[in-house]
Every structure is written in C-alpha cells, then in structure tokens.
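This report covers helix packing and pocket lining in one protein model. Please keep the sequence and the 3D view open while reading.

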Amino acid sequence: IFQILLDAGQSHSALKFNMAWSKAMLKDYEAALSFLDEETVNDLGQAAMLEIQILHQIGRLGDAADRAKVHLTFHKHHEGVNAAVSVLAMDIEDISLAKRCAVAAGNHPDALTTLGALALGEEDVGKALGLFKSALEINAHGPRSWIGLGLAQLVSEDTSEAGKNIDKGADMFGTHIGSWIAAGWAYFIKNDIPASKIRFQKAL
C-alpha cells in the first residue's frame, strides 16, 4: 500500500518513514535506508532514530556515529533518538555520550538498559537490577535488557535465573557471539557443564 502511494507521486516524510520502517521489519535494511532521505530524518525524530538503529544493526558504527551527531542537533529532546544514540554509544565506548543521551531519553526502555549497563559497570548491582527490570516491564523483547539482567544476577551471585535470562537475549540477537559466550559462562558458574558447553559451541 505504501509503495502504491509512492508510485502515485506521494512523497511526504511520514509516508517515506513508514515505508522505511516496513522494509526494516522485513530486514531489508539497505532498502529501508533508501527511504530515509535528509528531508525525512530532519522532519521526523522517529525516522532519525530508525536510521541510527539500522546503521548500528548492520555494523556501520562509524556512519551511525556521524549521523547521530547530526540528528542530535535536529532532535535534541527526542526520547527515541537519544535512546538509540545511548545504545550506539555503549558499543563505540563513548561512555559520557551514552550516559548523557540515556538520561535525556527518560523512561525509554533502551535508555533504561543503557543506564543499567552503566550502573553494572560501576558495580552498583542493586541499581542495575532495578533498571533492567524496569526496561523489561516496558518492553519484554529487548535482548540487551535480558542479557543485562542475567549479568547483574551473576554479579549478585543469583545464578538460578541468570543463564536462562542471558539465553533469552542471546536467542533474540541470534548470532551475537558475545551473548552466547556470556550464556556459556553463566551455566559454567552454575556448574551445569553440559549446558555451558552447548553455548560455547554455539559461539564457535
């Protein structure tokens, strides 16, 4: 339906964003990016957020970082943009940017997950557990939140659910090697060696 409208000459930003979102949901990321032109991402914060997320997803971290700088000038107070940049910033190891954007993103689940990861890095396990649980209450389909919760449980020596929670995140990511390695260690610490071996083999 969106394509019919585009073929008929419609070209407003909301239409192009929805077309890009549809393509992204089909994992046709290059096609999705083709609809996120400068006008669309400048007009709509959600389009800017989507561009950052797609570039991050396909491993173009440098491009994602460059675009994030642009989008933060146009959409400085947009919670979704700030949340997406906070997640990206963690992966490019810009901790100050991650924290600043996560705080600006309010209760967006991705931002809460970023703050949880930062709290875990600062060994504030109680705070981290609360943030990951809050993120999952809002969005139970966030792989980083499940992995963060499992890691926080490991640090707090609560091994009963840690492996299962990291598994959930690893399954959602699919082929993210670090997630499967984390799951392997979770089961190793629990002394479930067969389960640990399966996850390390998956990573290999």
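Ile 138 lies in helix α10, residues 125–138. Helices here are DSSP runs (H or I, at least four residues), numbered from the N terminus. The model is predicted: local features need pLDDT of at least 70, side-chain atom pairs count only at pLDDT 80 or more, and totals for chains, interfaces and linings use all residues. Residues are numbered from 1 along each chain as its sequence is written, and side-chain values use heavy atoms, with hydrogens and water left out.

**Around Ile 138**

Which residues does Ile 138 contact, leaving aside its neighbours within four places in sequence? They are Asn 107, Pro 109 and Leu 112. Contact means heavy atoms within 4.5 Å. Ala 31 is 107 residues from Ile 138 in sequence, and their C-alpha atoms are 29 Å apart in space.

**Helix pairs**

Two packed helices are described by the angle between their axes and the distance between the axes. Axes are lines fitted to C-alpha atoms over the stretch in contact, and angles run from 0 to 180 degrees between N-to-C directions.

| Pair | Angle | Axis distance |
|---|---|---|
| α9 and α10 | about 165° | 8 Å |
| α5 and α7 | about 20° | 8 Å |
| α8 and α9 | roughly 135° | within 9 Å |

Angles under 35 degrees count as roughly parallel, over 145 as roughly antiparallel, 65 to 115 as roughly perpendicular and the rest as oblique. A crossing is left-handed if the near helix is turned anticlockwise from the far one by less than a right angle, and right-handed if clockwise.

Take α9 and α10. Their angle makes them roughly antiparallel to each other. They cross left-handed. From α9, the contact includes Pro 109, Leu 112 and Leu 115. From α10, it includes Leu 131, Phe 132 and Ile 138. By class, this contact has 12 nonpolar, 3 polar and 1 charged residues. Ala, Val, Leu, Ile, Met, Phe, Trp, Tyr, Cys and Pro count as nonpolar; Asp, Glu, Lys and Arg as charged; the others, Gly among them, as polar.

α8 (residues 95–104) packs on α9 as well. The angle makes α8 oblique to α9. α8 passes α9 in a left-handed crossing. Ile 95, Ala 98, Lys 99, Ala 102 and Val 103 of α8 meet Ala 111, Thr 114, Leu 115 and Leu 118 of α9. This contact of α8 with α9 has 7 nonpolar, 1 polar and 1 charged residues.

α5 and α7 are roughly parallel to each other. Here too, α5 passes α7 in a left-handed crossing. Among the contact residues are Met 49 and His 56 of α5, and Val 81 and Asp 91 of α7. The classes are 8 nonpolar, 4 polar and 1 charged.

**The largest pocket**

The largest pocket has a volume of about 1,600 Å³. A pocket is an open set of points on a 1 Å grid where a 1.4 Å probe fits, with protein on both sides within 12 Å along at least five of seven lines; lining residues have an atom within 4 Å of a point. Of its 39 lining residues, Gln 57, Asp 110, Pro 143, Arg 144 and Phe 173 are closest to the centre. Which helix supplies the largest share of the lining? α5 does, with 7 residues. Helices supplying at least two residues each include α2 (13–25), α5 (45–57), α7 (79–91) and α9 (109–121). The lining divides into 19 nonpolar, 16 polar and 4 charged residues.

Conventions
Points joined across faces, edges and corners; volume = space filled by probe spheres on them.
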